Amino acid sequence: MSKVEDFLTAKEEQDIVNAILEAEKNTSGEIRVHIEAHTDKDHYERAKEVFHLLKMDNTKQENGVLIYVAVHDKKFVICGDKGIDNVVPKDFWQTTRNSIQTHFEKGAFKEGLVAGVLKAGEELRSHFPWQSDDTNELSNEISKG
């Protein structure tokens, strides 16, 4: 795999976007996926930086979630905004992380991201249920660095 563009096919990317759309039907939370080849920074610190660059910290309820993947580093991070962190238990993202990791270990990257997005949506639903006046505040497209 020479480039981040080779990590997923266009069809696989669309399947992930569809999963985001599905997950966001049940929650006011905003879910994004960001993929880049490598970072020299700590992966969690880089995920927080990307979170800010994507303006995910500007949602009304501070309930954005980023799934960050560094392809060549074979690392991923789930990063939630402070509105989520203020109301959920410390191990809140563990089930989402496990869903992704199980698939990634088998090389099933699209399936891992779809499972992670859907699981994140389920987890968010209990704390941030969808409301009739909710709007989609952030793009659902996969961003790349």
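Good morning. The model before you is predicted. Let us begin with the whole protein. There are five helices and four strands, and along the sequence they follow the pattern α-β-α-β-β-α-α-α-β. Taken along the principal axes, the C-alpha atoms fill a box of roughly 45 × 30 × 25 Å. A compact globule of 145 residues would have a radius of gyration near 15 Å, and the 14 Å of this protein agrees with that. Of the 145 residues, 49% are buried. Among contacts with a separation of 6 or more, 70% join residues 24 or more positions apart.

A word on annotation. An unreviewed UniProt entry places the feature "domain: TPM" at residues 5-121. That span is 46% helix and 17% strand, and its end C-alpha atoms lie 26 Å apart.

I now turn to strand E1, residues 30-36. Is E1 enclosed or open to the outside? Seven of its seven residues are buried, so E1 is largely enclosed by the rest of the structure. Buried here means under 20% relative accessible area. In a regular strand, side chains alternate between the two faces of the sheet. In E1, one side carries Glu30, Arg32, His34 and Glu36, while Ile31, Val33 and Ile35 are on the other, and both faces are covered.

Which strands pair with E1? One is E2, residues 64-70, which runs parallel to E1 and is joined to it by seven bridges. Within this pairing, Arg32 has Leu66 as its bridge partner. Helix H2, residues 43-53, belongs with these two strands: E1, H2 and E2 make a right-handed β-α-β unit. The other is E4, which pairs with E1 in the parallel sense over two bridges. There, the bridge partner of Ile35 is Lys144.

Finally, please locate Asn136. It sits in the loop between helix H5 (109-127) and strand E4 (143-144). Is Asn136 buried, partly exposed or exposed? Its relative accessibility is 45%, so Asn136 counts as partly exposed, since that class lies between the 20% and 50% limits. Leaving aside residues up to four places away in sequence, Asn136 touches Glu24 and Glu30. Glu30, you will recall, is one of the buried residues of E1. As for Ile31, 105 residues from Asn136 along the chain, the two C-alpha atoms are separated by 10 Å.

Thank you for your attention.

How values were computed: Residues numbered from 1 in each chain as written. Predicted model: local features only at pLDDT ≥ 70, side-chain atom pairs only at ≥ 80, totals over all residues. Heavy atoms only, no water. Buried < 20%, exposed > 50% of the residue type's maximum accessible area, 1.4 Å probe, protein only. Contact = heavy atoms within 4.5 Å. Pairing = 2+ DSSP bridges. Right-handed = clockwise from strand over helix to strand, strands pointing away. UniProt positions renumbered as here; feature names shortened; annotations may be inferred. Rg over C-alpha atoms; globule rule 2.2 N^0.38 Å.
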